[in-house]
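Student: Please take one part of this structure and go through it closely. I want its surroundings and packing, then how it sits against the rest.

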Amino acid sequence: MTRAVVAVVAALALVALTGWLFGHSPVDLLSILLGGSLDETILKAIPLLLTGLTIAIAFRAGVWNIGGEGQFIAGALAAFAAARFGLVAALIASVVAGAAWASIASLLRWWRNAPEVLTTILLNFIAINLLGWCVNGPLQEASARYPQTDAVSVALPQLGEVHAGVVLAVAAAIAMWWLLYHTSEGLRLRATGFNPSAAKFAGVHVEAQVFRAMAISGGCAGLAGGIELLGVTHRLFERFAAGYGYSGIAVALLAQLHPLGTVVSAFFFGALATGAGELQRSANISATVATLIQAVVIFTMILFGRRARA
Amino acid sequence: MILLAITAATPLLLAVLGETIVQRSGIINLGIEAMMLTAAMTAVLAAQGSHSAAIGFLGGIAGAAIAGALFGLFAIELHADQIVTGVAANLLALGVTGFVYREMEQSAVFVRAVPRLQVDVIVPFAWIVAPIALALLLWRTMFGLRLRACGENPEAVERVRRHRWIALGIESALTGIAGAHLALMLSSGFAENMVAGRGFIALSIVIFGRWKFKGAILGTALFGIAAAAQYALQAMNRGIEFHLLLALPYVATLLILCGIAGRVRSPESLGKRA
């Protein structure tokens, strides 16, 4: 907890300092960065929470799922395809597709010993180009003017200014917390990540455990993609994923890989993303400061947590 | 066309050579992307400041060295997880270069044409000189033997960290030249996220080449020719299938990783926390 606060303060201080060096007022910069609207913050926090869970579950099981981005896209594509069968079908399809896309990596690991760090990254690029092909080709809008799809026929219900995805995302966080700390599946999963040889000795089928963890992890990312489509964008387009998969790493590490902590951490990064967009509009400061802060947060978390397990 | 392919794949090869050395010393550096991106920016800044492409290349090396030093500080000195450190380094480089570029976008540095080398000496350096020199260093010297031992069985070597820092230094020099070549010779300046995944492809080619320099050259050449063929096809095509073609190199790398190239044996202690 202390580490997380230190990491956040350090990152904000560094950004204020950098902005000051380039002639921006640090006070204005921070007030814009942290003063984004609550509704937009929540909208941004929803996908971040789910991709944060993606990373938290995978890292807890000791697998390197860097493929949140690709699983996010796979989930959105499946949700788009299944939307004609209704909202529930679309959401289920997104979870299944995310899990399936992640399972390619765990299959290759099991079958060919291919390191999942690399295969998940490559699957990101494949998914991005597959999406590019879809929105320029078979799924392009009927008027064929822009590289995007038509709007989906179903949408998540609105709850005031935000959509019902917020309930699903928080429910997913609680479910993951329950899974990790209150079920034997979660105990085996954590044991596998903590010490695979000891887990094996204690009778855990490590390879199957990794496979299931990867599928759960990918399912979260897929759901994030589905919710983003059905709640926010309603269409698919080339830059749909917008880095949510990679941001999830910062979200999960700030939460120290705890599913409930991820809720708080996602809210923080959601606020940052909102503020960074506002900075770019009103002060012409690059919105990549949000990426910068994610990086500094990860480094600070490593710095103060190197004796604890990441 | 082959020559064009070879030229276009030159930064990739330099990154592959650097990563091969580093992985031989037992470290997996996912931050190549960060090193090349930082180098691309510092190379442009240095070249514009001095009106000299040669100084630009030195600036690129300095930029990559800064990114490399940050990675080394965490991964070697603080024993942090190498994969998380690499990802964080990439995010940092993306954030910093994006920020600086936006701040200075309108200034002459990023608008004026960049100075270029008259003759592209980097291509023969990358494809002939560097691989021979590195192969001799790794396989024919006492230092090379110790370096490889750091990757196989670090307990057997004195001063493991020093060897790993030197390997990282070599990688910084090579990725620095790679980033500078990308910005000054292959493009006309800096663009946001211009490395565009080359670092990750380099990582895969290292494995494809089975941590050997001959394999590195062969893998990069194959990849470069495939990429060039894809552009040629793209030019002939109506344009829709272009995105599927763009995915091909990644599918190919994925297949390579699955052992099309036969059994893969990595250095024994690769990626383990010291």
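Tutor: Start with a cut-off: a residue is buried if 20 or more other C-beta atoms lie within 10 Å of its own, exposed if 12 or fewer, and partly exposed in between. Keep in mind that this is a predicted model. Now take Leu45(B). It has 20 C-beta neighbours inside 10 Å, so it counts as buried. Leu45(B) belongs to helix α3 of chain B, residues 32-50. That helix is the part to look at.

Stay with Leu45(B) for a moment. Leaving aside neighbours within four places in sequence, its contacts are Gly59(B) and Val109(B). Phe110(B) is 65 residues away along the chain, yet the C-alpha atoms of Leu45(B) and Phe110(B) are separated by 8.3 Å.

Next, the packing of the helix. Two packed helices are described by the angle between their axes and the distance between the axes. For α3(B) the partner is helix α9 of chain B, residues 160-186. The angle is about 60 degrees, and the axes are 7 Å apart. Angles under 35 degrees count as roughly parallel and 65 to 115 as roughly perpendicular. On the α3(B) side, the contact includes Ile32(B), Met35(B), Met36(B), Ala40(B), Ala43(B) and Ala47(B). On the α9(B) side, it includes Ser172(B), Thr175(B), Gly176(B), Gly179(B), Ala183(B) and Leu184(B). By class, the residues of this contact are 14 nonpolar, five polar and no charged.

Two of those α3(B) residues turn up again. Met36(B) and Ala40(B), with Ala79(A) and Ile298(A), touch the most other members of the largest nonpolar core, which has 208 residues. Follow Ala79(A) into the other chain.

In chain A, helix α3 (residues 38-60) and helix α4 (residues 68-82) pack at about 125 degrees, with their axes 11 Å apart. They are therefore oblique to each other. The crossing of α3(A) and α4(A) is right-handed. Thr51(A), Thr54(A) and Ile55(A) of α3(A) meet Gly68(A), Gln71(A) and Phe72(A) of α4(A). This contact has two nonpolar, four polar and no charged residues.

Now step back to the chains. In chain B, 35 residues are in contact with 35 residues of chain A. On chain B, the elements giving two or more residues to this side are α5 (82-104), α10 (198-208) and α12 (242-260). α5(B) gives the most, with 14 residues. The chain B side divides into 23 nonpolar, nine polar and three charged.

His79(B) is in the loop between α4 (53-77) and α5 of chain B. Its phi is near 55 degrees, a positive value in a residue other than glycine. His79(B) is partly exposed, because 14 other C-beta atoms lie within 10 Å.

Notes
Residues are numbered from 1 along each chain as its sequence is written. Chains are lettered from A and ligands numbered from 1 in the order in which they are written. This is a predicted model: local features need pLDDT of at least 70, side-chain atom pairs count only at pLDDT 80 or more; totals for chains, interfaces and linings use all residues. Two residues are in contact if their C-beta atoms, placed from the backbone, lie within 7 Å. Helices (H or I, at least four residues) and strands (E, at least two) are DSSP runs, numbered from the N terminus. Ala, Val, Leu, Ile, Met, Phe, Trp, Tyr, Cys and Pro count as nonpolar, Asp, Glu, Lys and Arg as charged, and the others, Gly among them, as polar. A nonpolar core is a set of buried Ala, Val, Leu, Ile, Met, Phe, Trp, Tyr and Cys residues joined through C-beta atoms within 7 Å. Axes are lines fitted to C-alpha atoms, for helices over the stretch in contact, and angles run from 0 to 180 degrees between N-to-C directions. Angles under 35 degrees count as roughly parallel, over 145 as roughly antiparallel, 65 to 115 as roughly perpendicular and the rest as oblique. A crossing is left-handed if the near helix is turned anticlockwise from the far one by less than a right angle, and right-handed if clockwise.
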